[in-house]
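Student: I would like to learn how to read a model like this, feature by feature. Can we work through it together?

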Amino acid sequence: MAKIAKRVKAAREAFAGKANLSVEEAVSLIKANATAKFDETIEIAMNLGVDPRHADQMVRGVVSLPNGTGKTVRVAVFARGPKADEATAAGADIVGAEDLMETIQSGKIEFDRCIATPDMMPIVGRLGKILGPRNLMPNPKVGTVTMDVKAAVEAAKGGQVQFKAEKAGVVHAGVGKVSFDDTKLAENIRAFVDAVAKAKPTGAKGAYMKQVFLSSTMGPGVSVSVESATQG
(Lines give C-alpha, C1' and ligand atoms only; values in the text may rest on other atoms or scores of the structure.)
Protein backbone atom coordinates (compact mmCIF):
# COMPACT_ATOMS: atom_id res chain seq x y z
CA MET A 1 0.00 0.00 0.00
CA ALA A 2 2.90 2.36 0.71
CA LYS A 3 3.92 2.15 -2.96
CA ILE A 4 0.42 3.18 -4.11
CA ALA A 5 0.31 6.04 -1.60
CA LYS A 6 3.69 7.25 -2.85
CA ARG A 7 2.49 7.19 -6.48
CA VAL A 8 -0.74 9.04 -5.64
CA LYS A 9 1.13 11.62 -3.59
CA ALA A 10 3.59 12.28 -6.43
CA ALA A 11 0.73 12.71 -8.91
CA ARG A 12 -1.13 15.10 -6.63
CA GLU A 13 2.01 17.20 -6.18
CA ALA A 14 2.50 17.34 -9.97
CA PHE A 15 -1.09 18.58 -10.41
CA ALA A 16 -1.03 21.06 -7.49
CA GLY A 17 -1.81 24.63 -8.48
CA LYS A 18 -2.54 23.72 -12.09
CA ALA A 19 -5.93 24.63 -13.53
CA ASN A 20 -7.62 25.91 -16.68
CA LEU A 21 -4.94 24.36 -18.89
CA SER A 22 -5.01 23.99 -22.64
CA VAL A 23 -6.05 20.56 -23.93
CA GLU A 24 -2.45 19.87 -24.98
CA GLU A 25 -1.02 20.89 -21.57
CA ALA A 26 -3.57 18.74 -19.74
CA VAL A 27 -2.90 15.69 -21.93
CA SER A 28 0.85 16.04 -21.41
CA LEU A 29 0.49 16.39 -17.63
CA ILE A 30 -1.89 13.43 -17.32
CA LYS A 31 0.25 11.14 -19.49
CA ALA A 32 3.41 12.03 -17.55
CA ASN A 33 1.76 11.01 -14.28
CA ALA A 34 -0.20 7.93 -15.40
CA THR A 35 1.96 5.30 -13.77
CA ALA A 36 -0.47 2.42 -13.29
CA LYS A 37 0.59 -0.99 -14.60
CA PHE A 38 -2.09 -0.98 -17.29
CA ASP A 39 -3.00 1.31 -20.19
CA GLU A 40 -5.21 3.82 -18.40
CA THR A 41 -8.19 5.45 -20.08
CA ILE A 42 -8.21 9.22 -20.54
CA GLU A 43 -11.57 10.39 -19.20
CA ILE A 44 -13.44 13.63 -19.76
CA ALA A 45 -16.09 15.12 -17.48
CA MET A 46 -18.08 18.19 -18.49
CA ASN A 47 -20.17 20.25 -16.10
CA LEU A 48 -23.07 21.70 -18.11
CA GLY A 49 -25.53 24.45 -17.25
CA VAL A 50 -28.56 22.20 -17.60
CA ASP A 51 -31.04 20.38 -15.37
CA PRO A 52 -31.70 17.02 -17.09
CA ARG A 53 -34.82 16.48 -14.98
CA HIS A 54 -36.52 18.84 -17.46
CA ALA A 55 -37.17 17.26 -20.86
CA ASP A 56 -36.08 20.40 -22.73
CA GLN A 57 -32.72 20.39 -20.92
CA MET A 58 -31.72 16.77 -21.50
CA VAL A 59 -28.36 16.35 -23.24
CA ARG A 60 -27.69 13.10 -25.03
CA GLY A 61 -26.02 12.06 -28.23
CA VAL A 62 -23.35 10.01 -29.90
CA VAL A 63 -19.98 10.79 -31.45
CA SER A 64 -17.51 8.77 -33.47
CA LEU A 65 -14.08 9.65 -32.13
CA PRO A 66 -11.62 10.19 -35.01
CA ASN A 67 -8.99 7.96 -33.41
CA GLY A 68 -11.22 5.42 -31.64
CA THR A 69 -11.37 4.76 -27.90
CA GLY A 70 -8.74 2.02 -27.62
CA LYS A 71 -11.36 -0.04 -25.82
CA THR A 72 -12.80 -3.36 -26.93
CA VAL A 73 -16.56 -2.83 -27.04
CA ARG A 74 -18.81 -5.86 -26.59
CA VAL A 75 -21.99 -5.50 -28.63
CA ALA A 76 -25.32 -7.26 -28.14
CA VAL A 77 -27.95 -7.18 -30.88
CA PHE A 78 -31.66 -8.00 -30.69
CA ALA A 79 -32.59 -9.27 -34.15
CA ARG A 80 -34.10 -12.21 -36.02
CA GLY A 81 -33.49 -13.95 -39.33
CA PRO A 82 -31.36 -12.15 -41.94
CA LYS A 83 -30.81 -9.17 -39.60
CA ALA A 84 -29.42 -11.53 -36.94
CA ASP A 85 -27.07 -13.00 -39.56
CA GLU A 86 -26.07 -9.46 -40.59
CA ALA A 87 -25.26 -8.59 -36.96
CA THR A 88 -23.12 -11.70 -36.53
CA ALA A 89 -21.26 -11.03 -39.79
CA ALA A 90 -20.60 -7.43 -38.68
CA GLY A 91 -18.89 -8.67 -35.51
CA ALA A 92 -21.61 -8.54 -32.85
CA ASP A 93 -20.64 -10.52 -29.74
CA ILE A 94 -24.15 -11.64 -28.76
CA VAL A 95 -27.19 -11.93 -31.04
CA GLY A 96 -30.64 -13.09 -30.03
CA ALA A 97 -34.29 -12.34 -29.31
CA GLU A 98 -36.34 -13.92 -26.49
CA ASP A 99 -33.32 -15.99 -25.48
CA LEU A 100 -31.21 -12.84 -25.09
CA MET A 101 -34.00 -11.19 -23.10
CA GLU A 102 -34.05 -14.16 -20.69
CA THR A 103 -30.26 -14.04 -20.32
CA ILE A 104 -30.42 -10.36 -19.38
CA GLN A 105 -33.34 -10.94 -17.00
CA SER A 106 -31.23 -13.57 -15.23
CA GLY A 107 -28.68 -10.85 -14.45
CA LYS A 108 -26.10 -11.83 -17.06
CA ILE A 109 -25.08 -8.65 -18.89
CA GLU A 110 -21.89 -9.29 -20.84
CA PHE A 111 -21.96 -6.36 -23.26
CA ASP A 112 -21.22 -2.63 -23.40
CA ARG A 113 -23.63 -1.58 -26.16
CA CYS A 114 -27.07 -2.87 -27.08
CA ILE A 115 -28.58 -2.53 -30.55
CA ALA A 116 -32.03 -3.59 -31.71
CA THR A 117 -34.07 -3.68 -34.90
CA PRO A 118 -37.39 -1.77 -34.50
CA ASP A 119 -39.49 -4.96 -34.52
CA MET A 120 -37.59 -6.18 -31.45
CA MET A 121 -38.53 -3.21 -29.27
CA PRO A 122 -41.61 -4.88 -27.68
CA ILE A 123 -39.18 -7.48 -26.28
CA VAL A 124 -36.46 -4.98 -25.41
CA GLY A 125 -39.04 -2.72 -23.75
CA ARG A 126 -39.52 -5.32 -21.01
CA LEU A 127 -35.88 -4.81 -20.04
CA GLY A 128 -36.17 -1.07 -19.44
CA LYS A 129 -35.64 -1.30 -15.68
CA ILE A 130 -32.48 -3.35 -16.19
CA LEU A 131 -30.92 -1.66 -19.22
CA GLY A 132 -32.12 1.92 -18.57
CA PRO A 133 -30.11 2.63 -15.39
CA ARG A 134 -27.00 1.19 -17.10
CA ASN A 135 -27.47 3.49 -20.12
CA LEU A 136 -27.73 0.39 -22.34
CA MET A 137 -31.31 0.81 -23.57
CA PRO A 138 -31.45 0.96 -27.38
CA ASN A 139 -32.60 4.37 -28.57
CA PRO A 140 -33.33 5.62 -32.11
CA LYS A 141 -31.89 9.06 -31.21
CA VAL A 142 -28.39 7.59 -30.87
CA GLY A 143 -28.72 5.09 -33.70
CA THR A 144 -29.09 1.92 -31.63
CA VAL A 145 -32.64 1.18 -32.82
CA THR A 146 -32.12 0.67 -36.54
CA MET A 147 -32.57 -1.64 -39.49
CA ASP A 148 -28.99 -0.88 -40.55
CA VAL A 149 -27.55 -3.36 -38.06
CA LYS A 150 -24.24 -3.68 -39.89
CA ALA A 151 -23.46 0.06 -39.67
CA ALA A 152 -24.55 0.25 -36.02
CA VAL A 153 -22.35 -2.68 -34.97
CA GLU A 154 -19.35 -1.38 -36.92
CA ALA A 155 -19.78 2.11 -35.41
CA ALA A 156 -19.97 0.71 -31.88
CA LYS A 157 -16.86 -1.37 -32.47
CA GLY A 158 -15.01 1.45 -34.20
CA GLY A 159 -14.89 4.11 -31.49
CA GLN A 160 -18.40 5.50 -31.28
CA VAL A 161 -19.16 6.99 -27.86
CA GLN A 162 -22.61 7.67 -26.41
CA PHE A 163 -23.13 10.41 -23.85
CA LYS A 164 -25.98 11.44 -21.60
CA ALA A 165 -26.21 14.13 -18.92
CA GLU A 166 -26.60 12.81 -15.39
CA LYS A 167 -28.77 14.41 -12.69
CA ALA A 168 -26.22 17.09 -11.82
CA GLY A 169 -25.77 18.06 -15.48
CA VAL A 170 -22.47 16.19 -15.83
CA VAL A 171 -21.49 14.34 -19.02
CA HIS A 172 -18.52 11.98 -18.90
CA ALA A 173 -16.83 9.47 -21.19
CA GLY A 174 -13.58 7.74 -22.06
CA VAL A 175 -11.85 9.46 -24.97
CA GLY A 176 -8.78 7.30 -25.55
CA LYS A 177 -5.87 5.59 -23.84
CA VAL A 178 -2.70 6.94 -22.22
CA SER A 179 -0.73 5.06 -24.91
CA PHE A 180 -2.32 7.21 -27.63
CA ASP A 181 -0.29 9.92 -29.32
CA ASP A 182 -0.86 13.36 -27.73
CA THR A 183 -2.23 14.81 -30.97
CA LYS A 184 -4.73 11.95 -31.38
CA LEU A 185 -5.97 12.40 -27.81
CA ALA A 186 -6.42 16.14 -28.37
CA GLU A 187 -8.39 15.41 -31.58
CA ASN A 188 -10.64 12.94 -29.73
CA ILE A 189 -11.22 15.36 -26.84
CA ARG A 190 -12.21 18.22 -29.13
CA ALA A 191 -14.46 15.93 -31.21
CA PHE A 192 -16.28 14.88 -28.04
CA VAL A 193 -16.63 18.47 -26.77
CA ASP A 194 -17.90 19.55 -30.21
CA ALA A 195 -20.56 16.82 -30.17
CA VAL A 196 -21.73 17.89 -26.69
CA ALA A 197 -21.81 21.53 -27.87
CA LYS A 198 -24.01 20.56 -30.84
CA ALA A 199 -26.34 18.64 -28.50
CA LYS A 200 -27.19 21.84 -26.58
CA PRO A 201 -30.88 21.57 -25.68
CA THR A 202 -33.45 24.29 -26.36
CA GLY A 203 -34.11 24.80 -22.64
CA ALA A 204 -30.48 25.52 -21.68
CA LYS A 205 -30.13 29.01 -20.21
CA GLY A 206 -26.99 30.98 -19.38
CA ALA A 207 -23.56 29.39 -19.73
CA TYR A 208 -23.92 25.95 -21.31
CA MET A 209 -20.37 24.63 -20.89
CA LYS A 210 -19.30 25.54 -17.37
CA GLN A 211 -16.25 23.36 -16.76
CA VAL A 212 -14.23 20.65 -18.48
CA PHE A 213 -12.01 18.20 -16.59
CA LEU A 214 -9.60 15.55 -17.81
CA SER A 215 -8.09 12.66 -15.85
CA SER A 216 -6.69 9.17 -16.28
CA THR A 217 -8.33 6.11 -14.72
CA MET A 218 -6.11 6.12 -11.62
CA GLY A 219 -4.93 9.73 -11.64
CA PRO A 220 -6.12 13.12 -10.38
CA GLY A 221 -8.20 15.41 -12.58
CA VAL A 222 -7.29 18.80 -13.98
CA SER A 223 -9.54 21.53 -15.36
CA VAL A 224 -9.22 22.48 -19.00
CA SER A 225 -9.98 25.84 -20.56
CA VAL A 226 -13.39 25.64 -22.25
CA GLU A 227 -11.99 27.92 -24.97
CA SER A 228 -9.15 25.49 -25.68
CA ALA A 229 -11.51 22.49 -25.66
CA THR A 230 -13.80 24.10 -28.23
CA GLN A 231 -11.07 25.10 -30.69
CA GLY A 232 -10.71 23.46 -34.05
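Student: What should I know before I start?

Tutor: This is a predicted model, so local features need pLDDT of at least 70, side-chain atom pairs count only at pLDDT 80 or more, and totals for chains, interfaces and linings use all residues. Residues are numbered from 1 along each chain as its sequence is written, and side-chain values use heavy atoms, with hydrogens and water left out.

Student: Which domains does the assignment give?

Tutor: Domain bounds come from an automatic or database domain assignment. Here, domain 1 covers 6-69 + 160-228. Domain 2 covers 75-158. Their C-alpha centres lie 27 Å apart.

Student: How many residues of domain 1 are in contact with domain 2?

Tutor: Contact means heavy atoms within 4.5 Å. Eight residues of domain 1 contact eight residues of domain 2.

Student: What is the area buried between domain 1 and domain 2?

Tutor: Buried area is the accessible area (1.4 Å probe) that two parts lose on being put together, summed over both. Between these domains the value is about 820 Å². Carbon and sulfur atoms give 37% of that area. On the domain 1 side, R60, Q160 and Q162 lose the most area to domain 2. Together they make up 74% of what that side buries.

Student: Which elements give two or more residues to the side of domain 1 that touches domain 2?

Tutor: Helices (H or I, at least four residues) and strands (E, at least two) are DSSP runs, numbered from the N terminus. The elements in question are β2 (60-64) and β6 (160-164). β6 gives the most, with four residues. By type, this side of domain 1 has two nonpolar, four polar and two charged residues. In that scheme Ala, Val, Leu, Ile, Met, Phe, Trp, Tyr, Cys and Pro count as nonpolar, Asp, Glu, Lys and Arg as charged, and the others, Gly among them, as polar.

Student: Is V161 buried or exposed?

Tutor: Buried means under 20% relative accessible area, exposed over 50%, partly exposed in between (1.4 Å probe, protein chains only). V161 sits in strand β6 and is buried, at 8% relative accessibility. Leaving aside neighbours within four places in sequence, its contacts include G61, V62, V63, R113 and F192. The C-alpha atoms of V161 and G68 are 8.9 Å apart, although 93 residues separate them along the chain.

Student: What does N139 touch?

Tutor: N139 lies in the loop between α6 (128-131) and α7 (149-157). Not counting residues up to four places away in sequence, N139 touches R60, T144 and V145. N139 is buried, at 15% relative accessible area.

Student: How many salt bridges does the rule count?

Tutor: Side chains of opposite charge can pair when their charged atoms come close. The count here is nine. One of them joins D112 and R74, at 3.2 Å from N to O. D112 is in the loop between α4 (98-105) and β5 (113-116), and R74 is in the loop between β2 and β3 (75-78), so the pair ties together parts 38 residues apart in sequence.

Student: Where do R80 and E98 lie?

Tutor: These two form a salt bridge, with their closest N and O atoms 2.5 Å apart. R80 is in the loop between β3 and α3 (81-90), while E98 is in helix α4, 18 residues away. R80 is partly exposed at 42%, and E98 is partly exposed at 35%.

Student: What separates K150 and E154?

Tutor: Their side chains meet in a salt bridge at 3.0 Å, N to O. K150 and E154 are four residues apart in helix α7, so about one helical turn separates them.

Student: Which phi value does N20 have?

Tutor: Most residues other than glycine have a negative phi. N20 has a positive phi, near 55°. N20 is in the loop between α1 (2-15) and α2 (23-32) and is exposed, at 55% relative accessibility.

Notes: A salt bridge is a side-chain nitrogen of Lys or Arg within 4 Å of a carboxyl oxygen of Asp or Glu.
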